[in-house]
Amino acid sequence: MDIEKVTVTVRGRNLVDGVSLAVAPGEVMGLVGPNGAGKSTLLRTLYRALRPTSGRVLLDGEDVWAMAGKPLARRVATVLQETAGDFELTVHDVAAMGRTPHKRAFAGDDARDRGIILASLRDVGVEHLAEAPFSRLSGGEKQRVLIARALTQRAGTMILDEPTNHLDLRHQLDTLRLVRRLGVTAVVALHDLNLAAAFCDRICVLLAGRSVVVGPPGEVLTAELLARVYGVAAEVAEHPRTGVPQVTVLPTDPEGGWNAGVEPRAP
């Protein structure tokens, strides 16, 4: 997937400003940055929910806005931060919606579809909820079902906007491990920098709609960058067991010392 000088302007303000990014086949690309940096807006241009004011998004060299909806849905699956509303459907029915791009209108599920649906529910650990009403699930369970729905599409590219939102620690790790195990091309917006460092091949840092830096986590995540982009003091060190950059945010102003403005807690 190639993002070429994409700009999104709303009411005279550039929410995304000339961002270019090339995502290689099978690469997991992380988008990070503070609230309002343009992560979700940029992702919306990738799965064609928002047309760029200028620039292009190419999938295997083809402009996504020139593609018909159904063929695009066979190739790109999305997982969003929030659901539009509660579906009056079972968990199985919601996951089965991901098979729609692969079938004729009004066609039922065949044996292959049913196998894919059940495997997807199993992959995210909700197969035991298959007949439960989606509307009665917790936020974390709903998120896992929506990830299962994306998995049933069997798309080669996945766009994930805060996919670990609402998930507990174990399921955050399970979800991102699954994305890596699938071997798909993925663009993932994340707030947790340590998850981004652990699971992304490269990271694109956005600030005020612009791309600040793109590169491997070990090169991108530095104390200087975190002070500049997030306005926080932090230490970044290689984890002794994993070799992955580990970000520790310090409870102080980036311009001050360790104790600046911080009252020690009583023992």
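Predicted model: local features only at pLDDT ≥ 70, side-chain atom pairs only at ≥ 80, totals over all residues.
Which residue takes a positive phi in the hairpin of E9 and E10? The residue is Ala208, with a phi near 55 degrees, and the hairpin has two residues between its strands.

Strand E9 comprises residues 202-207, and strand E10 comprises residues 210-215. The two pair in the antiparallel sense over five bridges. Val32 has Val205 in E9 as its bridge partner. In general, strands of a sheet pair through backbone hydrogen bonds, either parallel or antiparallel.

Attention may now turn to another group of strands. Four strands form an open sheet in the order E2-E1-E4-E5, and their pairing is antiparallel. Its edges are strand E2 (13-22) and strand E5 (62-63), each of which pairs on one side only. Helix H1, made of residues 39-46, packs on this sheet and touches strand E1 (2-10), E2 and E4. The direction of H1 makes about 120 degrees with that of E1. Leu58 stands opposite Asp63 in E5.

At the level of the whole chain, the domain assignment gives domain 1 (2-221) and domain 2 (222-266). The centres of the two domains, taken over C-alpha atoms, are separated by 29 Å. Between them, 17 residues of domain 1 are in contact with 11 residues of domain 2.

Both domains also take part in lining a pocket. The second largest pocket draws at least three residues of its lining from each of domain 1 and domain 2. About 270 Å³ of space lies in this pocket. It is lined by 13 residues, of which Leu173, Asn194, Leu195, Ala198 and Phe199 are the closest to its centre. The elements that give two or more residues to the lining are helix H6 (169-182) and helix H7 (193-199). By residue class, the lining of the second largest pocket consists of six nonpolar, five polar and two charged residues.

Note on methods: Residues numbered from 1 in each chain as written. Heavy atoms only, no water. Pairing = 2+ DSSP bridges. Contact = heavy atoms within 4.5 Å. Axes fitted to C-alpha atoms, helices over the stretch in contact; angles between N-to-C directions. 1 Å grid on protein atoms, 1.4 Å probe; cavity = no way out; pocket = protein on both sides within 12 Å on 5 of 7 lines; lining within 4 Å. Points joined across faces, edges and corners; volume = space filled by probe spheres on them. Nonpolar A, V, L, I, M, F, W, Y, C, P; charged D, E, K, R; others polar. Domains from an automatic or database assignment.
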